[in-house]
Amino acid sequence: MSRMTVEQLRQDLPMAREAAYFQTGTYGPASDSVLRAVQETMESEARHGPATPAGRQAHMEREAAARSGLARLLNIREEELGIITNTSQAMQQIVRGIGWQPGDEFIMTSLEHVSTYGLSDVLAQEHSVAVKVIEGDQKDAALLEELASAVSERTRLVCLSHIASPNGRLLPVKEAAAIAHGAGVPVVLDLAQSVGQMPVDICALDCDFAVGSGHKWLLGPMGTGYVFISARHIPGFRPNFIPDRNPWTLADVPTPEATARSRIEIGTYNHALVVGLGRAVEIMESIGLDTIQAKAAYLTSRLRREIAKMERARIITPAETGKSAGITSVMFDGFTKKEMDGLVARLQARQKAVVKAQWLTAPPDPVKVAMRISVAAFNSEDEVDRLLEGIEEGLSSRA
Ligand SMILES: Cc1ncc(COP(=O)(O)O)c(C=O)c1O
């Protein structure tokens, strides 16, 4: 595929014609190219009959290309990749694949996504697992020190987000993995907020498992996610007790090697969505994730510079270079969730600017709420300025 520019991507996004969209951290907008790839695959299956050779042909090659494209983007082997519907489900598959015993420990940070919090509650209630939560709101060195003292011989899994959902902080995941591995403990990384925003090399991060979404920064179709299981864990990893042989397998046919796909994906899935995700990955690759990251960084620094001048605003995303990417979370003095919801709605109505009111704690504390602004490479300077203007107006109308 020939090289594509960020501007060409923007032209291809129906959403960009409608609004200044700063919600890619929740759901990224799909491009016309992605929509076309999904539609063509579904139409072709429908026209030929999905279970006919021609119907199968409609998606098989493109799907194979999609799977290898995503594996290449993540720098993993194809057999280490499984594709499912979203990060939350992917995380469930990994965490539930650990054979938990009462008294085992699960370690996560306080900045994990609410779905991981929910999962940790289940581990505690149903499996009597001790859940240890590391404070995410501290400097890297202190966080790593806390992790090192939390890991014990009962720890079975450490879970960290690469970029934290509430405040956009980049966590020191590689260093954390080294600490966990030093104690023989595997690590699962939540890549939902990093892949598609910046180059992410799973192999270099040296984790055991990783999960992420296609429908956020990758701008893939809604309801796509992925799982990485390191080759060294595949043979022993059985979250769903899928048999390696089924009763119809002929005795003289060798059992195929287990893969992340055979361990994670069960039954029929939507081929067209996988093809659409493949198209989204192709677009990312053709622009280049370095370019994507640099453009978002430029817009983000413009945004933060101006927000920092606003009297009642406090940016809670770490300011140091390399400690965040395109997400900026801002608190406004005295704002409750209700008031933040009001400001978010006002921005949508007056500026056609879409941002999120983000809880900062689980369970929610009504005064710990931020505006989460997800700046993507496809956003424009005009959109950032429109948003800033809207925030200023909203704050002064409340004063
Ligand atoms: C870090 C993180 N993990 C998990 C999720 C859940 O993603 P999904 O909706 O794809 O399950 C999110 C969603 O915002 C997230 O930010």
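These notebook entries record what I looked up on the ligand site and the aromatic pairs.

**Basis.** I worked from a predicted model, in which local features need pLDDT of at least 70, side-chain atom pairs count only at pLDDT 80 or more, and totals for chains, interfaces and linings use all residues. Residues are numbered from 1 along each chain as its sequence is written, and side-chain values use heavy atoms, with hydrogens and water left out.

**Ligand shell.** I found 13 residues around the ligand, the closest being S88, D190, Q193, S213 and K216; a residue counts if one of its heavy atoms lies within 4 Å. By class, I noted one nonpolar, ten polar and two charged residues in this shell. Asp, Glu, Lys and Arg count as charged, Ala, Val, Leu, Ile, Met, Phe, Trp, Tyr, Cys and Pro as nonpolar, and the others, Gly among them, as polar.

I then looked up polar contacts (pairs of N or O atoms within 3.5 Å). A nitrogen atom of the ligand lies 2.6 Å from a polar side-chain atom of D190. An oxygen atom of the ligand is 3.1 Å from an N or O atom in the S165 side chain. The protein covers 91% of the 390 Å² of accessible area that the ligand has on its own (Shrake-Rupley method, 1.4 Å probe).

**Aromatic pairs.** I recorded three aromatic pairs in the structure (ring centres within 6.5 Å; planes under 30 degrees apart are stacked, over 60 edge-to-face, the rest tilted). W100 and F106 pair edge-to-face, at 6.0 Å centre to centre and 85 degrees between the planes. F332 and F335 form a tilted pair, with 5.4 Å between centres and 55 degrees between planes. I noted W100 and F106 as buried (under 20% relative accessible area, 1.4 Å probe, protein chains only). F332 and F335 are buried also.

Technical notes. A polar contact is a pair of N or O atoms within 3.5 Å; within protein, one must be able to donate a hydrogen and the other to accept it, and residues adjacent in sequence count only if both atoms are side-chain atoms. Buried means under 20% relative accessible area, exposed over 50%, partly exposed in between (1.4 Å probe, protein chains only).
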